[in-house]
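Trainee: Could you walk me through how to read this structure? I would like to learn the terms as we go.

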Amino acid sequence: MSNQLIDPFGREVNYLRVSVTDRCDFRCTYCMSENMTFLPKKDILSLEELETICNVFIKLGTKKIRLTGGEPLVRKGILNLIKNLGKKIGNGLEELTLTTNGSQLQKYAEFLKENGVNRVNVSLDHLDPSKFREITRWGNLDLVLAGIQKAKSVGIKVKINTVALKDFNEKNIIEMIEWCSLNEYDMTLIEVMPMGDIGSENRFNQYLPLSEVKERLSKKFNLINIPKKTGGPARYYKIEGKKIDLGFITPLTHNFCETCNRVRLTCTGILYMCLGQDDNVDLKNILRNKGSSFLEDSLFKAISRKPKGHDFNISKSGINISSNRHMSVTGG
Ligand code: SAM
Ligand code: SF4
């Protein structure tokens, strides 16, 4: 048997996203309700358990690990996990990276760089302080911008993730592209996905098809399709005259699954083989009740069940939560 994780469709699974916590210091309206109930601490994998599972993935061919959350940099002790995983770079692992809201970057960018993190994705949906506060509820734009700047200054490549939101930032996307280009940050636009209950907010009201955004951008810019293959869901474009690769993640208007190389581990040790499907394997249970020596076999079995694709759906009247999991639990 090959020592690599290959799914029934011949896709090599070599990218692991790990949500290290479901907690966050922001409350973005499309991600969480303001009064989120977080998971009990006993259900959360310890940092040692997270590391054990990551190491088994690395042994089985995982080349890239992305830490996410919730906000990965607010998890107590996270720097230790980053340090230990950083040591695996060049030793099976090729890349350790993070998706972060940027609030802690000013403090930690230097440490990240020293421990092998060369790229981060930072979520930023608006450049206006009050709009930023409105969408994140608790976020401070100045702090995030300072964090992004700090990351850049220590040599970390920054990519900006922006969720396209109807009547919120649709008119500001051009301004954000210009800002990213000026600072040489790549940018990815994301369609809002129906993940988890978000309280009184209605997702249909937030949903802005990226096909519309792209059409509008095409009137202003010359978008040149580039065959950038990250194995991820984004389609990339260069913009003539701008220093930026612009990605579009369109789960609701396109199927992006054919080259999917990733799986997701929640902070409670549940492995999801697809962001948009509920089939999963409880690795915490295996680790705590059987022992780490059973993980390898469990991973092979899990990957043999990786589905071909997902089935998101959003509509005005219908149930718009196609997955009950919050993005902060599964990890964006
Ligand atoms: N807290 C970190 C952050 O915001 O970057 C990492 C976790 S967050 C869940 C990861 C990404 O998921 C962010 O870029 C966020 O904008 C995105 N996200 C969260 N909920 C989403 C949703 N319902 N639809 C689309 N993107 C979402
Ligand atoms: Fe927190 Fe990220 Fe969700 Fe915003 S998108 S609430 S920053 S986990």
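Trainee: Is F248 buried or exposed?

Mentor: Before that, a note on the source: this is a predicted model, where local features need pLDDT of at least 70, side-chain atom pairs count only at pLDDT 80 or more, and totals for chains, interfaces and linings use all residues. Residues are numbered from 1 along each chain as its sequence is written, chains are lettered from A and ligands numbered from 1 in the order in which they are written, and side-chain values use heavy atoms, leaving out hydrogens and water.

Now the term: buried means under 20% relative accessible area, exposed over 50%, and partly exposed in between, with a 1.4 Å probe and protein chains only. F248 has 3% relative accessibility, so F248 counts as buried.

Trainee: Which aromatic pair does F248 form, and how is an aromatic pair defined?

Mentor: Rings of Phe, Tyr and Trp (its six-membered ring) pair if their centres lie within 6.5 Å; planes under 30 degrees apart are stacked, over 60 edge-to-face, and the rest tilted. That rule gives three aromatic pairs here. One of them joins F248 to Y237, edge-to-face, with 5.4 Å centre to centre and 90° between the planes. Y237 belongs to strand β8 (residues 235-239) and F248 to strand β9 (residues 245-249), eleven residues apart; strands are DSSP runs of E, at least two residues, numbered from the N terminus. Y237 is buried too, at 9% relative accessible area.

Trainee: What lies over the face of F248?

Mentor: A charge sits over a ring if NZ of Lys or CZ of Arg is within 6 Å of the ring centre and within 35 degrees of the ring normal. K214 does this for F248, at 5.8 Å from the ring centre. Elsewhere, the charged end of K64 sits over the ring of Y15, 4.6 Å from its centre.

Trainee: Which polar contacts does ligand 1 make?

Mentor: Between ligand and protein, look for a pair of N or O atoms within 3.5 Å. A nitrogen of ligand 1 is 3.0 Å from a polar backbone atom of G70, and a nitrogen is 3.3 Å from an N or O atom in the E71 side chain. An oxygen of ligand 1 is 3.2 Å from a polar backbone atom of T100. Taken alone, ligand 1 exposes 540 Å², and the protein buries 96% of that (Shrake-Rupley method, 1.4 Å probe).

Trainee: Which residues are around ligand 2?

Mentor: Near means that a heavy atom of the residue lies within 4 Å. For ligand 2 these are C24, F26, R27, C28, C31, M32, G70 and N101.

Methods
Helices (H or I, at least four residues) and strands (E, at least two) are DSSP runs, numbered from the N terminus. A polar contact is a pair of N or O atoms within 3.5 Å; within protein, one must be able to donate a hydrogen and the other to accept it, and residues adjacent in sequence count only if both atoms are side-chain atoms.
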